[in-house]
Structure formats: C-alpha cells, structure tokens
Amino acid sequence: MSPMMRMITRKFPRTISKFALVLCIVFISLFPIAWTFLTSVKEPVDQFAKPPLLIFKATTENYHAVFTKQPFLKYFFDSTIIGVASTVVIIGFGSLAAYSISRYRRKGKALAKSILILRILPPMAIVLPMFILFKQLGLLDSHLGMILLYSAFNLPFGIWLLIGFFQDLPRELEEAALVDGCSKFQAMWRIIFPLAKPGLAATSILCLIQCWNEYLFALVLCSFNVKTLPIGVAQFVQEHEILWGQLTAAGICIMLPIFIFGMFIQKHLVRGLTTGAIK
Amino acid sequence: MKAKTKFFDRHFLALLLVPTACIILLGIVFPLLYSLGLSLTNATLLNFLDDPGFIGIENFFTVIGDSQFANAFMKSVTFSLLSTGLEVIFGFMLALFVYSSIMNGRFFLIPCLLAPLMLTPAVVALMWKVMLDYQFGVLNYITESLGLGAHAWLGTNVLAFASIVAADVWQQVPFVFLIILAGLESMPMQPFEAARVDGANSWQTLRYLTIPFLRGPIFVAFLFRLIDSFKIFDKVSVLTGGGPGAATETLNLYMFRIGFQTFDFGKAAAIGQIIIFVIMALTWFVFRVMDSENAVEAD
C-alpha cells in the first residue's frame, strides 16, 4: 500500500463519522424550517397525507390566499412602517449616545452598565403601565404609539451594540481632527460616523429584526387599526388551526425578510445576536 | 456666540446623552415607577382612570399566598433551569466539536445554526405546532413508525412542558454555541502544547484546561439564557397558551392572565415587581461574573 492509501484508510472512518455528525446537526437545525416550507407549498390533500409526502405537486395557492383572503398585506405594512420608523429613531438618538459613552474615560463603564440593565429589563414589567398610559393619551392601537414604545424600549439594545462598534475606532482619529481645527461635533460627524457606517448598518438591521419579532407589546397595545405580523400569525393559529397551508405560508413570509437582511450583515450577525454576552 | 460654542464644546459628550436620557426617563423609568405605584393600589379595569384606592403592600400578600402564583413561579423556575441547562450542555458540546474538528465546513455550518436564532418566536411556535399535531404531525408519524406510538404532545402536562422546552432549546442552542466558540477561539495555545508534551490525554486536557479556561463564557451564557428564558412569553403563549390546565403557565403568562383577562391591574403590577426583582437579582450575578473576568484579564 502506498503511504497515500494508508493515510486515507486510516483517516476514512473518522472523516465519515465527522461528516455524519455535521449532517445530523444541520438536519436538526434546519428540519423544522424546511418542513414548514414544504407544508406551505402543498395542496391540503398532500399536507395531511400519511406517510408524509416528499414528492408532490407544488402549489403557490397558499401564498396567494395569505395575501388575498387573509389581511396579511396589511400586517406586513404595519410591521414594516413601525419597524422602520422605530429603527430610524433608535439609530438617530442611539448613535449620539453610544458615541458619547464610548468616548467617556471613567464614566463610560458605569453608563454602559446602566444601558445593559435597561436592555435586560423584562417587557412584561412595563406593558401594564404602558397600557394605562396609552389609554389616557389616546395612543392605544395607533402606529405612533407603537413607534414611540419600540423606539424607547429597543434604544438600550441599539446603544449597547453601537458602543461596541464605536469602541473599535481609536480616539486618536478625533484627536488628530481636533488638532487640525475641527470642532468636536465636526470630528464626530465627519470623521467617526462615516467610519462607523458598517456598524450603524448592522445595528439598524438588528433593531429592525427586533421590532419585527416583538410580540407582547403588539398583543396588548394594538387591536383593530394596527396589527403586526407576529400577532397576525398567532391569531391565525388560534382561529384556523387546520389551515396549515396558509399558516405555514404566512410563517415563511415573515421569515424571508429576516433571512435576506441576515445575509447582508452576516459578518456582524454573530456579534449582534450574542450582544451583551460578549464584550 | 463665542461663549455658546465654548459651552457646547466643553459639555459635548454630556449633551449627546440628553435626548436618549429624556427618552429613557419618559419611556422606561416613568412607566416602571408608575407600575410600582400601581402595585400598591386596588386598580382594576373599572376604576383605574379615577383614582384607585391605596392599599399598601396587600397585593403582594395576596399574590404570594395564591396557589396559582406558586404554580406559575415553579413552572418558570423549572422551565428556565431545564432549558438553560440543556442549551448550555448542547451548546458546549457543539462548540467543542466545531472548534476541534471542523475547519473548512464552518462557512456553511454556522449560517445553518444561525437560522433558528433569528426567527420570530411566534413563528417558531407555529412551526412546532404543525409538527407536533396529534393527528397529522410529522413527529407522531416518526414515533409511530418507530413503534413508539402516537402522543398528544401538547395535550398532556409533562409532554406539553417538554415540548416548550424542546422548542426553546432548538432555537437557543446556537446562542450558547456562539459565545462558547468565541471563548474557545480566544484561548492561549501554549498550555495545550505543554499538556500534550507532558502526555495528557484528551479527557484530562478537557477537564483541567479547556473547562477552567471557559468558565467565564460558560457562566455568562448560562446567566443570559436564564434571564431570557425567565422572560419567555410569546413562544409559550402561541404553542400551548399555558395549558393543558396550568401545566405550562409560566410567571409571564400568569401575569398576563391577571392583568389582561381578569383585569386586576394592581395585582398584576405586583407580579410585575416580583418578575423585575428576580431578573435584577440575576443581572447582579452577571455583573459580578463580568467584573471578576475583567479583573482576571487585568492581572
């Protein structure tokens, strides 16, 4: 046997078992998503077939129904408008605050800690007072109310992420600009912010996903005028438990934008998803 | 004009914090205080607009004496510990596997693992509901063809609880995995080379080198997951709605029921204070761990 062959035969079983394990991991993590997708493109007869069919005639009927027979288009619109507007507010104010916290020498740590405390706060704890306050202010069931609430509640999340991105940019950059006669504002606006663009973009997308996924506030504070996607889908589950095709089609439609945006910021995604836990 | 710019420049960093401070005071701190005040009153849906009566800490006694509260508290604690424990064990094993033996496949494997983590929890619940259906679910098909029989996954106490744990573990193992993988990648190499030279076997290396090095990341991941799973609402609400009976009614679902189905605002606010207290206690631990990690780094 040539040395090459010997190496292959010796290494072969290990490679195979490693490969099998990887396949197993990928299968477990993607199977529920794949199954949801398969159900969403099946006709009702095929959805309930036993044994479950892997080969069948695909249909887009369910997707069509979700947008024509069910008001999901409206939910999409509500979710998008609330998510985008909140993200704009969060990035607008949050980037200033995060820059400031990242530039403080001694106070920065304490400030960052208080941001983290706010980030950890359970939504359940403020949904009740919010309901009463919104009732008095007439903000219940309105886009404006939801935008204000999401902006305030997700602001700490955005700031926490942005602090990390600003800390990656050395202070010497602004110090050089100040020596050259820039004001502090100019140093921030013209030097640091352009360099922080990737971080700002990643944070925007993560805030958007955060708002997109939110459930409790939307459930309590909205009813007829405004309804976001997670609430729409949850209600759908309760009312039409058996319309699997449309249910799963709605589920896939909610996931799709998340995956598309997720691909854009793959590099920053890990950091964003584990925020708070990794410095 | 000059004085004004001087003021602006001197307090520049503080001024940048002003808008955020206003938003947080109005949007988070004020509601929190309001809720604290509310927990001391007998507010309900009927009287909350015209001055509900002050009753001191009576709500807290009522809540703590309530057997449903005890049930919900126990469910929350069990759920948090069980799901967090499983997530840390699986996440650790996964990270160790990927770190030690997957080199070329990472660009493919990691996105696959990230997918569940980003999903909308309500949609995750929907997906599991379809798979766990008694009559037509794919899981019952699998168990039946393996000869294990069909089960009412969401219909019996123990299985319903296990199902929400499974759905949460499925979604959150990647979170623990990412944190521990980052920890593994920042480990120094020299001690491992020294161990190899000294003839340590792989179990000894794991037990006496890897695990001690990873103590920080593991503990941080554990606490973060513990806090987050204590806050769980949407997944449980859509998947089981707290049922059957109150078998999966966690603290958040209990508070939601008291607050928005029986509309006993005062009592619900009191439950909210208890939830905040538990979470803040856990957060304090997080800070302790992070600070001691920093101290180690500084040495």
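## Interface between the chains

In this predicted model, 71 residues of chain B and 73 residues of chain A make up the contact, where two residues touch if their C-beta atoms, placed from the backbone, lie within 7 Å. On the side of chain B that touches chain A, helix H2 (residues 12-38) gives the most, with 15 residues. Helices (H or I, at least four residues) and strands (E, at least two) are DSSP runs, numbered from the N terminus.

Sorted by class, that side of chain B has 57 nonpolar, 10 polar and four charged residues. Here Ala, Val, Leu, Ile, Met, Phe, Trp, Tyr, Cys and Pro count as nonpolar, Asp, Glu, Lys and Arg as charged, and the others, Gly among them, as polar.

## Numbering and confidence

Residues are numbered from 1 along each chain as its sequence is written, and chains are lettered from A and ligands numbered from 1 in the order in which they are written. Local features need pLDDT of at least 70 and side-chain atom pairs count only at pLDDT 80 or more, while totals for chains, interfaces and linings use all residues.

## Chain B overall

Chain B has 14 helices and zero strands. Its C-alpha atoms fill a box of roughly 80 × 75 × 35 Å along the principal axes.

Of the 299 residues in chain B, 41% are buried. A residue is buried if 20 or more other C-beta atoms lie within 10 Å of its own, exposed if 12 or fewer, and partly exposed in between. Among contacts in chain B with a separation of 6 or more, 70% join residues 24 or more positions apart.

## Nonpolar core

The largest nonpolar core has 156 residues, and A:Leu221, A:Val233 and B:Leu126 have the most contacts inside it. Helix H7 (residues 143-167) of chain A gives the most to this core, with 16 residues. Such a core is a set of buried Ala, Val, Leu, Ile, Met, Phe, Trp, Tyr and Cys residues joined through C-beta atoms within 7 Å.

Beyond its neighbours within four places in sequence, A:Leu221 has contacts that include A:Met130, A:Phe134 and A:Leu149.

## Positive phi

A:Asp141, a residue other than glycine, has a positive phi near 60°. A:Asp141 sits in the loop between helix H6 (123-137) and H7 of chain A, and is partly exposed, with 15 other C-beta atoms within 10 Å.

In chain B, phi of B:Phe263 is positive as well, near 55°. B:Phe263 lies in the loop between helix H13 (251-260) and helix H14 (265-298).
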